[in-house]
Amino acid sequence: MTASPPPPPPLPPSPVTGAPAAATDASAGRFAGMVAAGILVSRLAGFVRTWFIARYLGLSAENDAYMVAQRVPNAIRNLLGEGTLSAAFVPVYSALLGHDERRAANGELARGDAAARTLANTLLGVLLVMVSILTLVGIAAAPVLTDIIAGGFSAEKAALTTRLMRVMFPMAALMVISGWCLGVQNSHRRFFMSYASAAMWSAAQIVLLAGWGARAESLAQLAWWLAWATLAGAALQVAVQLPEVWRLSGPLRPSVNTRNESVRAVLRNLVPVIGTLGVVQLSGFADTFIASWLPDDGAITALTYANQTMLLPVALFGIAVSASSLPELSRAQQSTGDQAVRVAQRDAARARVQQGWVRILFYIVPSALAFIAFGDLLIGVLFRSGRFGLEEQTVVHAALAAYAVGLISFASNRLFATVFHAAQDYRTPLRFSMVSVAVSITLAAALAFAFRAHPLAAAGIALGAALGAWVNFALLWNAVGRVLGPLLDEASRSAVWRIVLLALLAGVIAFAVRSLLPELHRWIEGPIVLGVFSLSYLVSSWWMGSGEAARWLRLRPRQRGSGKEQ
């Protein structure tokens, strides 16, 4: 028996908070877990909603119309809501809160959070004015927007899309307010409700479809009812967040006084962030436009279902790690000190990003492999019912497998961009997004139209998006390395290779089990094969020393490996 190693020396305090580094790492994991838990609740509700939509609308022209009608309101939501406010608002708001935290830690009298509250209320007022104008313009311009987004639709299909878009356009305003609520909560390290609240949006649609889905006289009528339920769900999503926001930031007193320097800083940040997200939205609109010209109805819906499935691990792990890291990295940017302190802060930031990325890969690598090899089973379990049959399952699986090619880059890019957002550098991610989106659109159009007559042509659009995401990944990786230093040391490189090899091993085991199974119902075969894959990966990872796997299996971590995926 070998002698036990001596205990490690005490960890140095964090240069940001003064807490021991171990506590900082533990809090990062806890915050990421809160984000992941909230996202999981909302995503599971989303899959139930999608199951009902697939059951009653299938891959139909009416479902295409409903999906396209949501695109512009959702684009405004993304441009002015969750992603934008997290990137532009959270760094400034968190810095104000962090200023007080540091003064209190030093025994000084904190000046209170009056400045933070002023910032939150002023931004709320500005957002209300902006989204009110955009909503009125959007309702009036709905026919033009339909022609721009889905130029390949027939006249009847375009008319239905316009009607649905006019109903759902106010949803954009509600979702932007929801994004503001999310920014306030995340800055105060309240992560669960801000992400779980999206379940209410799905719940309203589930109630409508479960209660009245079979009573509609036509698919067009059902799509019309569903549009109103979608709008109601957005209102519910905001309503469940307001009590917590009120408690954190005080009574809501919207203002449009933009003379405050912190407010101006957020508004300055909004421009490049909106530009970055606008470029990404352009890619999505381009994909929709390309799909509208494919001869088969349902191409847009197939891409939507595949994208929703692909985004589950991205949201649970990529966004969870990124969202929980942004406030802490932002607080670090506001610290002052001599050169030694700044070097320590840079090293701490690199360690946080490095550990976060390996944690992301622990989940994303096996997810990508499962989507490609066993995605047909997953899609069958999630969506196959009613009007959504085997043919529809094949089409969606092909698109999912194509998206999975870029799953690592989709999940990683958000974390790497956070490094620049925390420093309020928004132009660097914008430039990289412009390049990657140009690649995505070019490849998507080339692949889709080259196989236009094939039922799986929509998968070409997904593959173009995946390859473009890898371009963005390469650019961000190099830029982050220049700012923080190399992200892969020997230990983390070993952890990455171990993750890849163990995922492949789990895939081989699951494939062997699937080949030996008799013909079973999809609701039996799917859980068996996917369960074997997941369990094989977790057990083998635990055996190799993964603390992440040990937590899932509720076992004591084995003392092996680098521990980078802890």
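**Reading the predicted model**

Leaving aside neighbours within four places in sequence, S440 contacts S283, G464, A465, G468 and A469. The model is a predicted one.

Q: Why is S440 called buried?
A: The relative accessible area of S440 is 5%. Buried means under 20%, so S440 is buried. S440 lies in helix 16, which covers residues 427-450.

Q: What makes S283 a contact of S440?
A: Contact means heavy atoms within 4.5 Å, and S283 is among the residues in contact with S440.

Q: Why are helix 6 and helix 10 called roughly parallel?
A: The axes of helix 6 (residues 155-168) and helix 10 (residues 219-249) cross at roughly 20° and come within 8 Å. Angles under 35 degrees count as roughly parallel, therefore helix 6 and helix 10 are roughly parallel to each other. Their crossing is right-handed.

Q: Which residues make the contact between helix 6 and helix 10?
A: Helix 6 supplies L160, R163, L164, V167 and M168, while helix 10 supplies A220, A223, W224, A227, W228, T230 and L231.

Q: How many of the residues in this contact of helix 6 with helix 10 are nonpolar, polar and charged?
A: By class, ten are nonpolar, one is polar and one is charged. Arg counts as charged, and R163 of helix 6 takes part in the contact.

Q: What is the secondary structure of the protein chain?
A: The protein chain has 20 helices and zero strands. Of its 566 residues, 54% are buried.

Technical notes: Residues are numbered from 1 along each chain as its sequence is written. This is a predicted model: local features need pLDDT of at least 70, side-chain atom pairs count only at pLDDT 80 or more; totals for chains, interfaces and linings use all residues. Side-chain values use heavy atoms; hydrogens and water are left out. Axes are lines fitted to C-alpha atoms, for helices over the stretch in contact, and angles run from 0 to 180 degrees between N-to-C directions. Helices (H or I, at least four residues) and strands (E, at least two) are DSSP runs, numbered from the N terminus. Angles under 35 degrees count as roughly parallel, over 145 as roughly antiparallel, 65 to 115 as roughly perpendicular and the rest as oblique. A crossing is left-handed if the near helix is turned anticlockwise from the far one by less than a right angle, and right-handed if clockwise. Buried means under 20% relative accessible area, exposed over 50%, partly exposed in between (1.4 Å probe, protein chains only).
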